[in-house]
Each structure stands twice: as C-alpha cells, then as structure tokens.
Amino acid sequence: MATTLYGIKNCDTIKKARKWLDEAGVEYRFHDHRADGLDPAALDGWLASLGWEALLNTRGTTFRALPEADKQGLDVARARTLLLAHPAMIKRPLLDKDGELHLGFKADHYQSLFSR
C-alpha cells in the first residue's frame, strides 16, 4: 500500500510532517491541494470517514475570512461545498497510510504509525 500526505506546501505543520517523514525514511507522496487540486470523490470519502466537523478547519484564516452567512448552518453538504471551493480549509495535514486516515501532526503519533 501507499502513504500520501495531503495539505498545502507553505503550511508550517505540513513542513514539520514532511521533515519527520523524510528523516524517518518513509516513502510518501505529497499532494498539494492548491497545486494538484482536490478530487471531489476523495473529499466524499474523507467526509464519510472523518466527518465534516473534524475535516473543516474553523480556526484558520480562510474560514475566518468567510462572510458570516457562509459560516452559519453548517452541515455535511455545506461543508463539502466550502471545502471544494476553499481546499485550504481542510485540516492539515491529512495523512492516508494504507487507506487509514489521520488528521494533524504529532511526532509521537507518526512514530507509532510507522513503527508497526
């Protein structure tokens, strides 16, 4: 199976995760939402697996800059529309390791994932 790290390249947390993976010798593919786009089918799978509440980063600048009306009454359909329009609002990093999804980066968590 394969490992893919999803995010945007200028994100500090993505940089930390990539550095950890590189130093640990983990083979992975980096998918930049801005440069490589966002596959709606992949997003649907992430939403089904993780839920929109976990996937939508409401603390980031992109979300905070939205008009108030766009932030109200969120549900899976509205969150999906927002995430497709603004992939930078997907919590980062999103790691897909052999079909198992993990949000965020903590070195000890990655250590346990890749030492199994």
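Thr 4 is buried, with a relative accessible area of 10%; buried means under 20% on that scale, exposed over 50% and partly exposed in between, with a 1.4 Å probe and protein chains only. Thr 4 sits in strand E1 (residues 3–7). Strands (E, at least two residues) and helices (H or I, at least four) are DSSP runs, numbered from the N terminus. Setting aside neighbours within four places in sequence, Thr 4 is in contact with Arg 29, His 31, Leu 94, Leu 95 and Asp 96. Contact means heavy atoms within 4.5 Å.

The model is predicted: local features need pLDDT of at least 70, side-chain atom pairs count only at pLDDT 80 or more, and totals for chains, interfaces and linings use all residues. Residues are numbered from 1 along each chain as its sequence is written, and side-chain values use heavy atoms, with hydrogens and water left out.

Now the whole chain. The protein chain has eight helices and four strands. From the N terminus, their order is β-α-β-α-α-α-α-α-α-β-β-α. Buried residues account for 41% of the 116 residues. Of the contacts between residues at least 6 apart in sequence, 60% join residues at least 24 apart. The C-alpha atoms fill a box of roughly 45 × 25 × 25 Å along the principal axes.

Next, the helix pairs. Helix H1 (residues 12–23) packs with helix H8 (residues 107–114) at about 40 degrees, their axes 11 Å apart. Axes are lines fitted to C-alpha atoms, for helices over the stretch in contact, and angles run from 0 to 180 degrees between N-to-C directions. H1 is therefore oblique to H8. Angles under 35 degrees count as roughly parallel, over 145 as roughly antiparallel, 65 to 115 as roughly perpendicular and the rest as oblique. Ala 17, Trp 20 and Leu 21 of H1 meet Ala 107, Tyr 110, Gln 111 and Phe 114 of H8.

Helix H3 (residues 40–50) and helix H7 (residues 76–85) pack at about 135 degrees, with axes 11 Å apart. H3 and H7 are therefore oblique to each other. On the H3 side, the contact uses Pro 40, Leu 43, Asp 44 and Leu 47. H7 contributes Val 76, Arg 80, Leu 83 and Leu 84.
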